[in-house]
Amino acid sequence: MNEKEYPAACKLAGLTPDELRNTIVQKEKLSPTLTRMEIRAPLIARAARAGQFVMVWVGEKSERVPLTICDWDVDKGTITIIFQEVGFSTKELGQLEEGEDIASIAGPLGKPTEIDNFGTAVVVGGGVGTAIAYPIAKSLKKANNKLIVVVGAREKSLILLEDEMRKIADELIITTDDGSYGRKGLVTDALSELLESQKVDMVFAAGPLPMMKAVAMTTQPYGVKTIVSLDPIMIDGTGMCGGCRVTVGGKTMFTCVDGPDFDAHQVDWDELRARKAYYFDEENKANANALVDGARK
Ligand SMILES: Cc1cc2nc3c(=O)[nH]c(=O)nc-3n(C[C@H](O)[C@H](O)[C@H](O)COP(=O)(O)OP(=O)(O)OC[C@H]3O[C@@H](n4cnc5c(N)ncnc54)[C@H](O)[C@@H]3O)c2cc1C
Ligand code: FES
């Protein structure tokens, strides 16, 4: 980065051009498709709040990928992301190693999650959605809620952040669809039992769209406030492109600036599912052209 490209705001913040490089400080493979990365991003670490995300450009010509800020350390000047390699861009990100730089990271973006002392809060994380649920669970605990966490995945190797969740939760329930770990069944089975056996004051859920919809349907008859973190297609992440449009309570909202958290009982789930499938053909073509052994095919 030359002097001309050195943003004035960073000069004011006392950071050198070198400190502005988004260097990968630590990389850990959590499973064949899940990776945790700690990345130097001191300005984002200073401003981050639970529920917010960053837009990551792996290289200068890459597309932007929205990823939740799973954790941050102001003293070290780092943020942590956990991502699943599902298509071209996340595979491209997964190829980077410790010591390498990410071309650009913008954030923190989105509204922070509304944290309060609700009483008993249940946080539900499904698959990689647990990375989104974790900072929210941490903040709810800090706000003195009784914290019950339900973490679910298809099978054992896809369970995320178990140790971290165990440290903060008053109760942790693990479920797997195939019964390879924890309780056999869906996160909503465990949630139904909790709703039947005690007073739950709020539920927060992050995970695949069908899971979040199922959580909404589970809590609705009990009238329990339920917040979901939505993940529609995002392009700019700043409210300008309209790509992340969702209908909530009959109103059009942009997930990147009005969310990503919304009232689960008000989301138009069918419209969201249709919009997420909009670019399937293009995604499949890009994926077919994905990286093989570190190089583009
Ligand atoms: C606010 C927000 C936070 C997110 N946080 C995380 C996270 O912490 N960890 C994680 O693993 N994933 C997260 N995601 C999802 C992640 O952005 C997508 O998996 C990623 O963009 C896929 O890109 P790709 O090119 O690898 O795959 P593609 O082949 O392009 O797509 C695979 C699937 O990913 C989804 N997707 C593709 N592009 C986007 C996009 N630009 N925005 C949203 N979804 C997209 C679509 O459902 C698509 O079918 C988040 C998404 C949003 C909107
Ligand atoms: S991502 Fe473009 S408006 Fe939200």
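These legends describe close-up views of a predicted model.

**View 1. The shell around ligand 1.** In this predicted model, 24 residues surround ligand 1. Among them, P66, I82, Q84, T90 and M234 are the closest. Which kinds of residue make up the shell around ligand 1? There are 14 nonpolar residues, five polar ones and five charged ones.

View 2. Which elements each supply at least two residues of the shell around ligand 1? Two are strands: β4 (64-68) and β6 (78-84). Two are helices: α3 (88-94) and α10 (280-288). Strand β4 gives the most, with five residues.

**View 3. Polar atoms facing ligand 1.** Start with T90. A polar atom of the T90 side chain lies 2.3 Å from an oxygen atom of ligand 1. Next comes Q84. Here a polar backbone atom is 2.8 Å from an oxygen atom of ligand 1. At P232 the backbone is again involved: one of its polar atoms is 3.4 Å from a nitrogen atom of ligand 1. How much of ligand 1 does the protein bury? Taken alone, ligand 1 exposes 850 Å², and the protein buries 89% of that.

**View 4. Helix α6 packed against helix α7.** Helix α6 covers residues 187-197, and helix α7 covers residues 209-219. Their axes are 10 Å apart. The angle between the two helices is about 20 degrees. Angles under 35 degrees count as roughly parallel, so α6 is roughly parallel to α7. Is the crossing left-handed or right-handed where α6 passes α7? The crossing is right-handed.

View 5. Look at the bond from G107 to P108. This peptide bond is cis, and its omega is near 0 degrees. Where is P108 placed? P108 belongs to strand β8, which spans residues 104-109. Most peptide bonds are trans.

View 6. P260 sits in a loop. That loop lies between helix α8 (255-258) and strand β17 (261-263).

**View 7. A positive phi at N144.** Most residues other than glycine have a negative phi. What is the phi of N144? N144 has a positive phi of about 70 degrees, although N144 is not a glycine. N144 is found in the loop between helix α4 (129-142) and strand β10 (146-153).

Conventions: Residues are numbered from 1 along each chain as its sequence is written. Chains are lettered from A and ligands numbered from 1 in the order in which they are written. This is a predicted model: local features need pLDDT of at least 70, side-chain atom pairs count only at pLDDT 80 or more; totals for chains, interfaces and linings use all residues. Side-chain values use heavy atoms; hydrogens and water are left out. A residue is near a molecule or strand if one of its heavy atoms lies within 4 Å of it. A polar contact is a pair of N or O atoms within 3.5 Å; within protein, one must be able to donate a hydrogen and the other to accept it, and residues adjacent in sequence count only if both atoms are side-chain atoms. Accessible areas come from the Shrake-Rupley method with a 1.4 Å probe; for residues, only the protein chains shown count as cover. Helices (H or I, at least four residues) and strands (E, at least two) are DSSP runs, numbered from the N terminus. Ala, Val, Leu, Ile, Met, Phe, Trp, Tyr, Cys and Pro count as nonpolar, Asp, Glu, Lys and Arg as charged, and the others, Gly among them, as polar. Axes are lines fitted to C-alpha atoms, for helices over the stretch in contact, and angles run from 0 to 180 degrees between N-to-C directions. Angles under 35 degrees count as roughly parallel, over 145 as roughly antiparallel, 65 to 115 as roughly perpendicular and the rest as oblique. A crossing is left-handed if the near helix is turned anticlockwise from the far one by less than a right angle, and right-handed if clockwise.
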